[in-house]
Amino acid sequence: MNLETRFRQLPSVDKLLSEEHIKKLCQVFPRELVLDLIHQRLEEIRRSISQGESPPSLEEIVDSIESETRALESSPLQPVVNATGVILHTNLGRAPLSLETIEAMNQVSNCYSNLEFDLDRGRRGSRQVHIEHLLCQLTGAEAALVVNNNASGVLLALSALARGKEVIVSRGQAIEIGGGFRIPEVLRQSGAKLVEVGTTNCTYLTDYEQAITPRTKALLRVHSSNFKIIGFTQGVTLEELVELGQRHNLPVLDDLGSGCFIDTTKFGLEPEPRVQDSVSAGAALVFFSGDKLLGGPQAGIIVGKQELIDKLKRHPLARAARIDKVRLAGLVATLLHYLKGEALDKIPVLRLIAMPLTEIERRAERWLQLLGSPALIIPGESVVGGGSLPASSLPTRLVVIKLKAEAKVHDLARKLRQHRPPIIGRVEKNSLILDPRCVLPEEEESVTQALRLLFPSTHLDQTKEADTIS
Ligand SMILES: *Cc1c(COP(=O)(O)O)cnc(C)c1O
């Protein structure tokens, strides 16, 4: 059969429109949309026919158009259960939010608000007033500014303070933050020249000092958030850098990355640098994310000296990087947890970090019961992630499902991803690993339900091997 004949076998657009299922679609969706999808589908089929494939049946065509149209209805962005063992997983949306945070975000979503309106004076106000005081209270800083995310905060600062001039940074801190983004490349967009000093493992105060020229506008410290160099290393403390800056009248900019208010050593973790410590050490500006260890919505938070914050606020990029009202309201609610001393009870990220091993064990055992024989519980480690605490981990109990072939493990992982909500574990060789540490107690039910569905017989018949699932 030649191509022409095969093309002619395809149903016409009118024929498809007269099909019952397509008619029904047109009652729910705009006719133009359905028509577009019909044309697209026919085009695809013609292409595959010309590559030698045989034409699908009328029924198959109608089916595919129907499922494509219906798929538009369901949001592609959906909740998933994080059983990976990484608490702050950038690919899984970083920090889940506290109930109070969600409530605050809801409250400003469905109505107008006094976002930029001064209720006392009845005139235009600033969206920053709602949060600046709170941030100063929590960190001891003179002033604060909140923008869209941390990277845009640092970019804004370098643009406002060092465009066309030089900023000195240690070579060991010129890092890549994931997704292929390199901090120095982002910062160069400000028009500032980054002068890298020292070597990968060693930078001395004299390296900074010798690099200072009349064109130098700031000293930059970047927290090497997602890796740790061990062995022979030498760095400069923030205090030393501040002292050097003072002698040369240069501000020290401190990109903390994650940013944290609490003492992480309480949980057996290494000390993550705290925002308030950077402020009291004399950093002129301190930068951190809203959605990493802080546990709030995405935001870039800048705290520091009044004079510099004022400069940042006036810069045109402040407008380009501004934060929206919904996340602003959420961030205030998250910060209030810290102010009220209830952060460990209310903020999900901190609750997960603080989760006692006995509770993790209890949940792991429950999952194991549903899984049956090919699964076992082993001691393991969870990590905080999100560009923080690269060298420490939290003890956990891992549920390990060992199967005979790697392909079967990937198959099982895929089935868990196809569950609603998807359950995301991690694959290591012939095992699928689930870590209860980052599963919120509210999500426990979703996991047990998925395991019951995928291992229907194992909890009835403990001898049956789970790797018989196809
Ligand atoms: C994560 C990180 C950033 C980027 O923060 P975003 O809020 O994701 O823009 C910048 N600097 C460091 C050191 C980081 O760890």
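**Salt bridges and domains, talked through**

Biologist: Which class does Asp277 fall into at 37% relative accessibility?

Modeller: At that 37%, Asp277 counts as partly exposed, a class lying between buried (under 20% relative accessible area) and exposed (over 50%), with a 1.4 Å probe and protein chains only. This is a predicted model, where local features need pLDDT of at least 70 and side-chain atom pairs pLDDT 80 or more, while totals for chains, interfaces and linings use all residues. Residues are numbered from 1 along each chain as its sequence is written, and side-chain values use heavy atoms, without hydrogens or water.

Biologist: And what does Asp277 form a salt bridge with?

Modeller: Its partner is Arg274, with the closest N and O atoms 3.1 Å apart; the rule asks for a side-chain nitrogen of Lys or Arg within 4 Å of a carboxyl oxygen of Asp or Glu. Arg274 is also partly exposed, at 25% relative accessibility.

Biologist: How many salt bridges does the count come to?

Modeller: The count comes to 24, and among them is the pair of Glu100 and Lys346, whose closest N and O atoms are 2.7 Å apart. Glu100 lies in helix 6 (residues 99–109) and Lys346 in helix 16 (residues 343–346), so this pair ties together parts that are 246 residues apart in sequence. Helices here are DSSP runs (H or I, at least four residues), numbered from the N terminus.

Biologist: OK, what about Lys313, which residue does it form a salt bridge with?

Modeller: Lys313 pairs with Glu132, the closest N and O atoms being 3.0 Å apart. Since Lys313 sits in helix 13 (residues 306–314) and Glu132 in helix 7 (residues 129–139), the pair ties together parts 181 residues apart in sequence. Lys313 is partly exposed at 30% relative accessibility, whereas Glu132 is buried at 14%.

Biologist: Which residues are linked in a network of salt bridges?

Modeller: Glu116, Arg124, Arg127 and Arg322 are linked in such a network.

Biologist: Changing topic, what domains is the protein divided into?

Modeller: There is domain 1 (3–71), domain 2 (97–346) and domain 3 (351–468), with bounds from an automatic or database domain assignment. The centres of domain 2 and domain 3, taken over C-alpha atoms, are 36 Å apart.

Biologist: How many residues of domain 2 and domain 3 are in contact?

Modeller: On the domain 2 side there are 17 residues, which touch 13 residues of domain 3, contact meaning heavy atoms within 4.5 Å.

Biologist: How many salt bridges does the rule find across that interface of domain 2 and domain 3?

Modeller: Across the interface of domain 2 and domain 3, the rule finds 0 salt bridges.

Key: Helix = DSSP H or I, 4+ residues; strand = E, 2+ residues; numbered from the N terminus.
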